[in-house]
Amino acid sequence: MLKNRKLAKALSDSALGGFLTKLKYKAARRGISITEAPQFFASSKTCSNCGHKKVDLTLSDRTYHCSACGFECDRDLNAAINLCPI
């Protein structure tokens, strides 16, 4: 059914929704909090050190360099810190 272009998006979305429901249920039973990021949150474009948003960051840039504060970090690690601050 995923090969049908009209049904594929709806089926994929419902599968992810079901996964999120199960994840929330399991986390609640163990006392773990789940934080959902907004759909268009620019986690990899925002500096985790000062909060400056870099608009010209492309997918091929694997290292994040902040022009405001000089912070340098791996792009994925920067996004992870933005999503789950310590």
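**Chat about a predicted α-β-β-α chain**

Me: Which side chains does the 3.4 Å polar contact join?
Reply: The side chains of E72 and H65 are the pair, with a polar contact of 3.4 Å. A polar contact here is a pair of N or O atoms within 3.5 Å; within protein, one must be able to donate a hydrogen and the other to accept it, and residues adjacent in sequence count only if both atoms are side-chain atoms.

Me: What should I know about the model itself?
Reply: This is a predicted model, where local features need pLDDT of at least 70, side-chain atom pairs count only at pLDDT 80 or more, and totals for chains, interfaces and linings use all residues. Residues are numbered from 1 along each chain as its sequence is written, and side-chain values use heavy atoms, with hydrogens and water left out.

Me: OK, back to E72. Where is it found?
Reply: E72 is in strand β2. Strands are DSSP runs of E with at least two residues, helices are runs of H or I with at least four, and both are numbered from the N terminus.

Me: Is E72 buried or exposed?
Reply: E72 is exposed, at 53% relative accessible area. The cut-offs are under 20% for buried and over 50% for exposed, with partly exposed in between (1.4 Å probe, protein chains only).

Me: And what is E72 in contact with, leaving aside neighbours within four places?
Reply: T63, Y64 and H65. Contact means heavy atoms within 4.5 Å.

Me: Zooming out, what order do the elements run in?
Reply: From the N terminus, it goes α-β-β-α, so the chain has two helices and two strands. The radius of gyration, taken over C-alpha atoms, is 17 Å, well over the 12 Å from the globule rule for 86 residues, so the chain is more spread out than a compact globule. That rule is 2.2 Å times the number of residues to the power 0.38.

Me: What box do the C-alpha atoms fill?
Reply: Roughly 45 × 40 × 15 Å along the principal axes. Buried residues make up 19% of the 86.

Me: Switching to T46. Where does it lie?
Reply: T46 is in the loop between α1 (5-30) and β1 (63-65). T46 is buried, with a relative accessible area of 15%.

Me: Which residues does T46 touch, not counting those up to four places away?
Reply: G51, H52, K53, Y64, N78 and N82.

Me: What about A68?
Reply: A68 sits in the loop between β1 and β2 (72-74). Beyond its neighbours within four places, A68 is in contact with C50 and H52. A68 and N49 are 19 residues apart in sequence and 9.9 Å apart in space, C-alpha to C-alpha.

Me: Last one, where does G17 lie?
Reply: In helix α1. G17 counts as partly exposed, at 31% relative accessibility. From G17 to K6 is eleven residues in sequence and 18 Å in space, C-alpha to C-alpha.
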